[in-house]
Amino acid sequence: MTTLPDRRLLLVHAHPDDESIGTGSTMAHYAADGAHVTLVTCTLGEEGEIHLPELAQLAAAEADQLGGFRIGELAAACAALGVTDHRFLGGAGRYRDSGMMGMVTNEHPRAFWAADLDEAAGQLLEVIREVRPQVVVTYDPNGFYGHPDHIQAHRVTMRAHELADAEGIAPDKVYWTALPRSVLDAGMSHFTESSDNPFAGIESVDDLPFGTPDDQIAARIDATEQHAAKEAAMRAHGTQIPATSWLYAIAGNFGAEFMGVEYFTLAVGEKGPGTGRYGWEDDLFAGIDAAAPTRVAAAMAGPR
Ligand SMILES: [Zn+2]
């Protein structure tokens, strides 16, 4: 068996690009810091819109080649993030992008939304057995914003954690991605006067499908040193994120913090020491002794 670094982080995302938009800075931060970062992407994102006119005919309703194309985009994004261990759940093409909630694409025989929970969780369990991550990151029960594949990624991850627990190899912590209400409030007031307001038509943070009270946030990962890596990774997903996206405009206005700081709630495990008003951790491995001899021995005894 190849010996992996002491600290091992597993991220479970629904589509190519979610890793970069949601957790890109955190991934780049831990990869650069010598942790082993494993990305599992559950679908190829076949149903995505295509923002590059010259590739428009790859769309699901036409050549249906977008999923394969996005494998390359994801590889480029991972390279930008310094992440070398990336996989598709069950292998590339096993599960298909389900499209938005209520679409006929939800019923496709390979739609991830319709996946057998234990089968999909079993595939993720194989990755957990191999990598033995201490920390897992995925979405909350609403999939952060309600997309069926994000909800399913949540369910599969939580089920895989249960299965791992039954084998005595449960990761110590499971985090869910989050955005604190204070950050959203600040963003909304910043943009009220702007012509390029991403919150246009929204009166209050209460009307957004996400936004977590600050006292429920567990970790604030300041990876501002990786903001450029995150932006490069997002740009690698050119079919999905137009070069003119407001995301890049915000990045220009808010600087490194918008791209470089990411937030999480803790769903499983014990919160480590933190700082500030709400005791936010500044490290997803806070409170975990990753180099404990018993843990290393257990990992060495693993199947691969
Ligand atoms: Zn997604």
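Guide: A residue is buried if 20 or more other C-beta atoms lie within 10 Å of its own, exposed if 12 or fewer and partly exposed in between, with C-beta atoms placed from the backbone. Our protein is a predicted model, where local features need pLDDT of at least 70, side-chain atom pairs count only at pLDDT 80 or more, and totals for chains, interfaces and linings use all residues. Numbering runs from 1 along each chain as its sequence is written.

Visitor: Okay, how many helices and strands are there in the protein?

Guide: These are DSSP runs numbered from the N terminus (helices H or I, at least four residues; strands E, at least two). The C-alpha trace they belong to spans about 55 × 50 × 30 Å along its principal axes. The count is nine helices and seven strands.

Visitor: Does helix 2 run roughly parallel or antiparallel to helix 6?

Guide: Helix 2 (residues 66-81) packs on helix 6 (residues 227-236) with the axes 8 Å apart, at an angle of about 170°. Axes are lines fitted to C-alpha atoms over the stretch in contact, and angles run from 0 to 180 degrees between N-to-C directions. Over 145 degrees counts as roughly antiparallel, under 35 as roughly parallel, which makes this pair roughly antiparallel.

Visitor: And which residues of helix 6 make that contact?

Guide: Contact means C-beta atoms, placed from the backbone, within 7 Å. Helix 2 brings Glu73, Ala76, Ala77, Ala80 and Leu81, and from helix 6 come Ala229, Ala232, Ala233 and Ala236.

Visitor: What does Asp6 count as, buried, partly exposed or exposed?

Guide: Asp6 sits in the segment before strand 1 (8-13). Leaving aside neighbours within four places in sequence, Asp6 is in contact with Ala290 and Ala291. It has 18 C-beta neighbours inside 10 Å, so Asp6 counts as partly exposed.

Note on methods
Angles under 35 degrees count as roughly parallel, over 145 as roughly antiparallel, 65 to 115 as roughly perpendicular and the rest as oblique. Two residues are in contact if their C-beta atoms, placed from the backbone, lie within 7 Å.
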